[in-house]
Amino acid sequence: MPPPPVPVQALLLLERVLRTGGVRLEIALWRDARGLRYRLECERAGQGLVRYDNDSPRGHLRTLAGRASPYQFRSVEQLRYDFERDVEAASR
(Lines give C-alpha, C1' and ligand atoms only; values in the text may rest on other atoms or scores of the structure.)
Protein backbone atom coordinates (compact mmCIF):
# COMPACT_ATOMS: atom_id res chain seq x y z
CA MET A 1 0.00 0.00 0.00
CA PRO A 2 1.49 3.42 -0.96
CA PRO A 3 2.03 6.09 1.72
CA PRO A 4 -0.66 8.76 2.05
CA PRO A 5 -0.15 11.83 -0.15
CA VAL A 6 1.71 14.76 1.38
CA PRO A 7 -0.41 17.92 1.48
CA VAL A 8 0.61 20.35 -1.21
CA GLN A 9 0.71 23.14 1.31
CA ALA A 10 0.14 23.40 5.06
CA LEU A 11 -0.15 26.84 6.63
CA LEU A 12 1.70 26.94 9.96
CA LEU A 13 1.36 30.62 10.88
CA LEU A 14 -0.31 33.69 9.43
CA GLU A 15 -0.03 36.92 11.40
CA ARG A 16 -1.12 40.37 10.24
CA VAL A 17 -0.47 43.45 12.37
CA LEU A 18 -1.21 47.11 11.77
CA ARG A 19 1.07 49.35 13.82
CA THR A 20 0.86 53.06 14.48
CA GLY A 21 2.00 55.26 11.65
CA GLY A 22 0.43 52.99 9.03
CA VAL A 23 3.11 50.31 9.29
CA ARG A 24 1.70 46.93 8.21
CA LEU A 25 3.38 43.61 9.06
CA GLU A 26 2.56 40.23 7.58
CA ILE A 27 4.25 37.03 8.68
CA ALA A 28 3.51 33.72 6.96
CA LEU A 29 5.09 30.31 7.52
CA TRP A 30 4.01 27.24 5.63
CA ARG A 31 5.27 23.81 4.68
CA ASP A 32 5.13 22.40 1.18
CA ALA A 33 6.88 19.71 -0.82
CA ARG A 34 10.10 21.78 -0.73
CA GLY A 35 10.09 22.11 3.09
CA LEU A 36 9.59 25.11 5.35
CA ARG A 37 8.72 28.29 3.46
CA TYR A 38 8.38 31.82 4.85
CA ARG A 39 7.53 35.39 3.95
CA LEU A 40 7.83 38.25 6.43
CA GLU A 41 6.93 41.70 5.13
CA CYS A 42 6.77 45.22 6.50
CA GLU A 43 5.36 48.09 4.49
CA ARG A 44 4.12 51.62 4.97
CA ALA A 45 1.66 53.26 2.59
CA GLY A 46 2.14 50.41 0.11
CA GLN A 47 5.92 50.82 0.01
CA GLY A 48 8.02 47.85 1.08
CA LEU A 49 10.41 48.56 3.94
CA VAL A 50 11.57 45.06 4.95
CA ARG A 51 11.00 41.62 3.44
CA TYR A 52 12.43 38.21 4.27
CA ASP A 53 11.46 35.26 2.09
CA ASN A 54 12.60 31.99 0.60
CA ASP A 55 9.82 31.52 -1.93
CA SER A 56 11.87 32.49 -4.96
CA PRO A 57 14.34 30.48 -7.01
CA ARG A 58 17.14 32.65 -5.55
CA GLY A 59 16.78 31.09 -2.09
CA HIS A 60 16.76 32.90 1.25
CA LEU A 61 16.58 36.66 0.73
CA ARG A 62 16.50 39.74 2.92
CA THR A 63 15.25 42.92 1.24
CA LEU A 64 15.70 46.33 2.85
CA ALA A 65 14.36 49.43 1.06
CA GLY A 66 14.22 47.54 -2.25
CA ARG A 67 17.75 46.08 -2.08
CA ALA A 68 17.91 42.29 -1.86
CA SER A 69 20.78 40.35 -0.34
CA PRO A 70 21.27 36.70 0.67
CA TYR A 71 20.03 35.73 4.12
CA GLN A 72 21.61 33.00 6.27
CA PHE A 73 18.60 31.10 7.67
CA ARG A 74 19.38 29.48 11.04
CA SER A 75 16.01 29.02 12.76
CA VAL A 76 12.50 30.44 12.84
CA GLU A 77 13.33 32.18 16.11
CA GLN A 78 16.40 33.88 14.63
CA LEU A 79 14.43 34.80 11.51
CA ARG A 80 11.77 36.52 13.62
CA TYR A 81 14.41 38.31 15.71
CA ASP A 82 16.27 39.58 12.61
CA PHE A 83 13.01 40.71 10.99
CA GLU A 84 11.83 42.60 14.09
CA ARG A 85 15.24 44.29 14.43
CA ASP A 86 15.13 45.47 10.79
CA VAL A 87 11.50 46.61 11.15
CA GLU A 88 12.42 48.75 14.15
CA ALA A 89 15.33 50.33 12.26
CA ALA A 90 13.23 50.94 9.11
CA SER A 91 10.28 52.40 11.06
CA ARG A 92 12.28 55.23 12.60
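Predicted model: local features only at pLDDT ≥ 70, side-chain atom pairs only at ≥ 80, totals over all residues.
Colleague: Between which two strands does Asn54 have its place?
Modeller: Residues are numbered from 1 along each chain as its sequence is written, and side-chain values use heavy atoms, with hydrogens and water left out. Strands are DSSP runs of E with at least two residues, and helices are runs of H or I with at least four, numbered from the N terminus. Asn54 sits in the loop between β4 (47-53) and β5 (61-64).

Colleague: Is Asn54 buried or exposed?
Modeller: Buried means under 20% relative accessible area, exposed over 50%, and partly exposed in between, with a 1.4 Å probe and protein chains only. Asn54 has 4% relative accessibility, so Asn54 counts as buried.

Colleague: Which backbone nitrogen does the side chain of Asn54 reach?
Modeller: A polar contact is a pair of N or O atoms within 3.5 Å; within protein, one must be able to donate a hydrogen and the other to accept it, and residues adjacent in sequence count only if both atoms are side-chain atoms. A polar atom of the Asn54 side chain lies 3.1 Å from the backbone oxygen of Leu36. At 2.8 Å, the Asn54 side chain also reaches the backbone nitrogen of Tyr38.

Colleague: Which residue of β6 stands opposite Leu61?
Modeller: Two strands pair if DSSP finds at least two bridges between them. β5 is joined by 4 bridges to β6 (residues 67-70), and the two run antiparallel. They form a hairpin with 2 residues between them, where Ala65 in the turn has a positive phi of about 50 degrees. In this pairing, Leu61 faces Pro70.

Colleague: Which residue of β5 stands opposite Val50?
Modeller: β4 and β5 pair in the antiparallel sense over 4 bridges. Across from Val50 is Leu64.

Colleague: Over what arc do the buried residues of α1 lie?
Modeller: In helix α1 (residues 76-90), the buried residues are Leu79, Asp82, Phe83, Asp86 and Val87. They share one side of α1 because their arc, taken from the directions from the helix axis to the C-beta atoms, is only 135 degrees.

Colleague: Which strands do those buried residues of α1 pack against?
Modeller: Glu77 and Tyr81 are on the other side of α1, where they are exposed. The buried residues are in contact (heavy atoms within 4.5 Å) with β1, β2 (23-32), β3 (35-44), β4 and β5.
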